[in-house]
Number of protein chains: 2
Amino acid sequence: MNKNDRRVRRTRGMLQEALLHLIVEKGYDDITVQDIIDRADVGRSTFYFHFMDKEDLLEWSINQLRAYIEMQQKGVQPVVKNSGEIQLGTSMAMLDHAKDHKELYQAVTGRQSGAVILHYFKGMLRDLFEDEMGTVLTRATPSLKIPHSLAVDFVVNTFWTVLTWWMDNDIPCSVAEADKTFLQLVHSGMYGD
Amino acid sequence: MNKNDRRVRRTRGMLQEALLHLIVEKGYDDITVQDIIDRADVGRSTFYFHFMDKEDLLEWSINQLRAYIEMQQKGVQPVVKNSGEIQLGTSMAMLDHAKDHKELYQAVTGRQSGAVILHYFKGMLRDLFEDEMGTVLTRATPSLKIPHSLAVDFVVNTFWTVLTWWMDNDIPCSVAEADKTFLQLVHSGMYGD
DNA sequence: AATGTTCATGAACACAGTGTTCAATAATCA
DNA sequence: TGATTATTGAACACTGTGTTCATGAACATT
């Protein structure tokens, strides 16, 4: 299968678009392969020619997003200011993207979501944050008390918490403010500083 | 349907036990109703006489757990020490329970889990923590910068992070130490204090 | 111990969704 | 243009769901 064939690009594009729209409409878990091919107007056998199943299509779609975020993220170098404040590219890039695709992110962070989609999404976040933290953490603080793996999990889950909260409540809160809240929680918790 | 009928208690008990064992064996999502009734050795129609579906049985089971934890938790009053340290009953009670049912908690926190089970589990955590925090937060700090709903989410997710990390890595770390780590992250983040 | 009530059983059923196969057709590439 | 490669749709076997119903078993009560 030649991925540069115009037909292939077209088919995969339509399937991905159908998936994303359906996630917004009914949540990932309730989607059936039938729904996807109906919406994309693609033959059943065609779907299985490209992807093993629904999950395979999701994984591919998430990887497309990952590539995009990685591109955006490279613009912002992770920084540790003198004041102790941290700045990360990943969180800003993700929040920006979330702002531009609010419906999708509301669906992914909301109750309608699914275990699988969460798994892949958080997996992506983990990779992205771990990259940056490798740089920041060693530079910023040899005095970190908790294990590295727990630190990464903590950052990922705190980001997820803020993202979910930001998406759920229609709060007139800018990307910068959301990012600041995230960094504050990670850095100093609810009371520290 | 009389819930005190010995037959009812027996049937529901067998179904719950089957569910929990199957969660450990293959993860919630992969379980079918067929699996449950096979393992419980209960008729198909009997299952549907008691529960609407797999999810209904799960919800009932989680509520059983909630009742148990609430009982345990009441032993420990939430405290704010002079040093600023916090002490919560919920986290200790949960960690204790997790220690005694490690296989189950590993299955629930692990990759094999499911969206539905996470939803109910975190819902339970949210209720329990919110109760305690209503007391602690108002008493401890009028200077909390983030909204209350975000604070509760943050506590729940941070607890989930620590619990998951504790279950995943077979670290020889006591309940008290895990609880301390959790409280530190919530209170002061990774760097604060 | 007998009785009326309630629960448990298992087989049968219609239904929805999955993933595969195959021969025919249409679009693409070079 | 001709060879290649993707797409199509219908048919198929399969797995699991949730319901129904007549029969049998366990229960509480007197």
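Begin by selecting B:D41, which is found in the loop between α2 (33–40) and α3 (44–50) of chain B; helices here are DSSP runs (H or I, at least four residues; strands are E, at least two), numbered from the N terminus. The model is a predicted one, in which local features need pLDDT of at least 70, side-chain atom pairs count only at pLDDT 80 or more, and totals for chains, interfaces and linings use all residues. Residues are numbered from 1 along each chain as its sequence is written, while chains are lettered from A and ligands numbered from 1 in the order in which they are written.

At B:D41, inspect the backbone: phi is positive, about 55°, although the residue is not a glycine. B:D41 is exposed, with 8 other C-beta atoms within 10 Å (exposed: 12 or fewer other C-beta atoms within 10 Å of its own; buried: 20 or more; partly exposed: in between; C-beta atoms are placed from the backbone).

Next, select A:D41, in the loop between α2 (33–40) and α3 (44–50) of chain A. A:D41 has a positive phi of about 55° and is not a glycine. A:D41 is exposed, having 8 other C-beta atoms within 10 Å.

Now turn to the interface. There, 32 residues of chain B are in contact with 32 residues of chain A, contact requiring C-beta atoms, placed from the backbone, within 7 Å. On the chain B side, select α7 (115–140), α8 (148–168) and α9 (175–188), the elements that give two or more residues to the side touching chain A. Of these, α8(B) gives the most, with 11 residues.

Definitions and conventions. Two residues are in contact if their C-beta atoms, placed from the backbone, lie within 7 Å.
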